[in-house]
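User: I've got this one open on my screen and would like to talk it through. Can you take my questions one by one?

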Amino acid sequence: MTSKDSGKRVELLQGTLDLIVLRVLATMGPQHAYGIASRLEQVADDPFTLNQGTLYPALVRLEQKGFIKGAWKTTENNREARFYTITKAGTAALGEETERWRRFSGMVNKLLLSESE
Amino acid sequence: MTAILLRVLRRATNLFRASRADAELERELASHRGMMEDDLRRRGSSVADARRAARLQLGDPAAIRDRHRDARSFAWIDDARRDAGYALRLLRRTPALTATVAVSLAIGIGGNVAVFTVANGLLFRAPVGVANAERLVDIAAGRGGAAVNPTSYPIYRDVARHTTTMTGVYARTMFPHAMSLTIPGRTSTPARIFGQTVTTNYFSTLGVAPAEGSGFDLDERTASIVVSDRFRRAWFGSSPAVGRIVHLNGAPFTIGGVLPTRFRSASLVEADVWVPLLTAPSAHLVDRRRLEERRGAWLLLGARLKPGVPLAAANAELILLSRDLDRESPSGAAPLRLVAAPASIVPGNRSIAAVLLGILMALMSLVLLVACTNVTGVLLARAEARRHEMAVRLSIGAGRARLIRQLLVETLLLFTLGSVAGIAVARIVMRALAAALAALPVPIAVDLPLDWRVVVFAAGLSAIAAIGSGLVPALRASRAAPALALKSESGGGSGRARMRSVFVAGQAAVSVALVFIAVTFTRALVFAGATDPGYDPRGVEIVSVDLSMGGDGGARLPFWRTLIERVRQLPGVESATLARALPGGFETMGVGVAPAGTPVANALDSFEPDGNIVTPGYFAAMGIPLLAGRDFTASDVLGSTPVAIVGDAAARHYWPGRSALGQYLEHTTPQGKQMLLVVGVARDVRSSTLIDGVAQSVVYFPLEQDRSGLTSTMTIVARASGSRSLAAGIRTTVSAMNPNLPIVTTETLHDAIALGLLPQRVVASITASLGLACAVLAALGIYGVSSFAVSRRTREFGIRMALGASRGSILTMVLRQGALLAVVGAGVGLAMGSGATRVLTSFLFGVPPFDPLVVTGTALGFVLIGMAACYGPARRAVTVDPLAALRRE
């Protein structure tokens, strides 16, 4: 990892990280923070990297809203880790937020395309 | 909504578990790092590389922790906690200031809380154990203004029969009466207890269910009583009481129920037993004839409003009902006017209590105001001293709002200290009051708990006081323009100086006004009974005997005649006589008298003298001078001309400009009217009741000619010739005549008066000590602020001296300025005080004109304090070398 790479780190829009975390948990079931981070790296295109530490404020926010629940468990490699599970409220919020994001990103896309013409 | 609450709760708990949450995060990050390293190593990295890469990938742990903290708790609570910590350190560093402020506030807030506690107990709190007390009403016969008078049994029956707006109409005597108790097999001598006479639906209307037994029998004529839990414990211990037979004034009653522990009384006086009204005559509690008398005035009615019916509707109905009742059976007296009012433990006296408490509360608020100005003064002074600190904080980027908040938190902390101390002070006052109440001859049932109302009141009061006295200093301190304040700490603009002047003058004004009012109030209270009561209580012993308790209804007169004869024979007795009522006591006796020939329309005029029934020798024994005519004699008996002696004020009211001797009074008694010949005029005695008017005139009737039937209780008044106590001898004489007769009270007249004046004494001593505390507080405050103001001018004095001013001229200037402020303040205070006193005197009769010596002395004192406060620091300032003074800041 070089300084050149870290310069390319994507600054996520405020709030989108929460949505992404919820999506990951909904798709993959209970995950620890590292698991979520790995999944993000895996899904993202090439130079996308995430400062993995930023996951933690997002996780605590989601936990306080009651969207996810955390519990200490052991991984298959026999390490203890905090596993997060999406709650019912979290699933509902995910649906709403996804819809909102679709509308928002659609609008932004349209706007950007029409302006560049 | 619940989700938000839950989040707030979680965040709040996180706040207090800050360290635990941090540790948890640490553990999670470590596991994260470990897993990442595992993966990297699996992909072929060296241990060291993997560790470094993992650390980079994860980011700075300290930054994560900070952002984690921000996310999980409220930033502002954290800030407030930091502010409070800083403020605490600051307060600890200035213990003298903290103590001054805390003591000022403890007195100010404590006094208010104490008064409020009493007001709460008397006026706001529903009696414990009563269901839906806000729907209960007292019904009484109003006359004139808002006065509440008791009414009669026939009227009770009519109201109960006709009302459509109220249910469960009951009747009760105004207060419980003393009665004798004997329990077969348990008591050897009769005990004195208090019993209230009520109709049998009393408890069902109040919504109080007996804890044991079924309560009153439905048949109102069954001799079945209800007793308090305290009574059961005192007389039966743990054995069952229901079904047991007890004797009240010699008549047998069965205990039908025991009330729950928490119910004590729905009125001010605590009762032990409740007796059905219709059975009361058998125990000589009520004269049977009274039950038939429509014009009687001895019962207070009460009821519960029907659901949905407002009080106004009940009153509208009562007005119509009163008119109908008057038409059906005209009573001949003033028109009946029934009034319903929210049930109170002090029916009829609610407004009097409210006025007295209001006055006390107003005084206490002034004390608090002085305490607050003290605190403001101290805070202002400190704020000036901290301008440098504030300027530094402003210049390195602190927001002004943030600084104000810091200062307000400091003030709030001071006031929290103050209110906690204040509640402690209030508890001490309450304990003293409880001790004073316990010394009264009747058991008082008033709960004075520290309930939520009191706590909310104390908290609200200190919050208001804190913001009121902390905001101005905070605003001023934070307004420091950094550049200016950092450059020079001295002086300050003319605005600051003006502020200080207004402040010193204002404080002097409030203090002088308060001392003025306190002095007036104290003098009024002391005047009400202490100075010259109009009789000589020294060496007089009194023994009250209640014949109704002995179960001996008839043959009273011969008994009294024999008793007083025997008492006169006792060694050491100089003179002895009997009286129905004593001056300065709690009890007064109403009389229906008017000068003969008064038109019926004027029969009920507002002048109502008290009545008293006495035997010959009363005036000599009490030391009451007869101004004209003669005392009663042994020849004033039934059959001879009915006579009376009137008080001076009554004589002058009835026959202005004429001699009362030889005039006739028309006296209305249960047996009809009779004419009384006035044979003497006695000097007025002073009653101890403050509100009623100070000197209530009395009309005296001779016992031998009594037709009122109010002679079941009489008091032996004996003047001792030596210092020997007569009580024991009199007791023996009474028991020798009737061993079943409990003696109600024995004491010296002096003590009895003191007891009657107790409430006033308590209030007077509170007011006096408050005035004193206030004067001291204000003096401290004025001294502090003025001396601080002067010491800030050291540099100015240096310049003046460098320019040639002499030390003397500077001192004179400072003293003149100080005196001017104090004089202005004291003048304003005197004006405020006399205005307030005028309002006060409209509530209190017979308040003497203010004492010019005390008042001007107080004003002068404050002027001197103001000057002294300037002198010390000014002297110190001018003795400093001008050059040093210039260089100092």
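What follows is a run of questions and answers on this predicted model.

User: Let's begin with the sheet in chain A. In what order do the 3 strands of the open sheet come?

Analyst: Start from the edges: β1 (31–32) and β2 (68–74) of chain A each pair on one side only. β1(A) pairs with β3 (residues 80–86) of chain A in the antiparallel sense, over 2 bridges. The pairing in the sheet is antiparallel, and the order is β1-β3-β2.

User: Which residue in β3(A) does Gln31(A) stand opposite?

Analyst: β1 of chain A covers 31–32, and β1(A) pairs with β3(A). In that pairing, the residue standing opposite Gln31(A) is Tyr84(A).

User: And the helices on that sheet? At about what angle does α4 of chain A run to β2(A)?

Analyst: Two helices are worth a look here. Helix α2 (residues 16–28) of chain A lies across β1, β2 and β3, at about 95° to β3(A). Helix α4 (residues 55–65) of chain A lies across β2 and β3, and its angle to β2(A) is about 120°.

User: Is Arg82(A) buried or exposed?

Analyst: The cut-off for buried is under 20% relative accessible area. Arg82(A) has 11%, so Arg82(A) counts as buried.

User: Which residue of chain B forms a salt bridge with Arg82(A)?

Analyst: This partner lies in helix α2 (residues 18–42) of chain B and Arg82(A) in strand β3 of chain A, so the pair joins two chains. The closest N and O atoms are 3.5 Å apart, and the residue is Glu24(B).

User: How many salt bridges does the rule find across the interface of chain A and chain B?

Analyst: Glu24(B) with Arg82(A) is one such pair. Glu80(A) and Arg27(B) also meet in a salt bridge, at 3.0 Å from N to O. Across the interface, the count is 3 salt bridges.

User: Which element gives the most to the side of chain A that touches chain B?

Analyst: The elements giving two or more residues to that side are α3 (33–43), α4 and β3 of chain A. With 7 residues, the one that gives the most is α4(A).

User: About how much area do the two chains bury between them?

Analyst: The contact takes 27 residues from chain A and 26 residues from chain B. Of the buried area, 53% is on carbon and sulfur atoms, and the total is about 2400 Å².

User: Which residues in chain A lose the most area to chain B?

Analyst: Together, these residues account for 32% of what the chain A side buries. They are Tyr34(A), Tyr56(A) and Gln64(A).

User: Over to chain B. How many residues apart in sequence are the parts that Arg561(B) and Glu704(B) tie together?

Analyst: Their side chains meet in a salt bridge, 2.8 Å from N to O. Arg561(B) lies in helix α17 (residues 556–569) of chain B and Glu704(B) in the loop between β22 (698–702) and β23 (713–720), so the parts tied together are apart in sequence by 143 residues.

User: What share of the 889 residues in chain B do buried residues make up?

Analyst: Chain B holds 26 helices and 24 strands. Of its 889 residues, the buried share is 48%.

How values were computed
Residues numbered from 1 in each chain as written. Chains lettered and ligands numbered in written order. Predicted model: local features only at pLDDT ≥ 70, side-chain atom pairs only at ≥ 80, totals over all residues. Heavy atoms only, no water. Pairing = 2+ DSSP bridges. Helix = DSSP H or I, 4+ residues; strand = E, 2+ residues; numbered from the N terminus. Contact = heavy atoms within 4.5 Å. Axes fitted to C-alpha atoms, helices over the stretch in contact; angles between N-to-C directions. Buried < 20%, exposed > 50% of the residue type's maximum accessible area, 1.4 Å probe, protein only. Salt bridge = Lys/Arg side-chain N within 4 Å of Asp/Glu carboxyl O. Buried area = accessible area lost by both parts, 1.4 Å probe.
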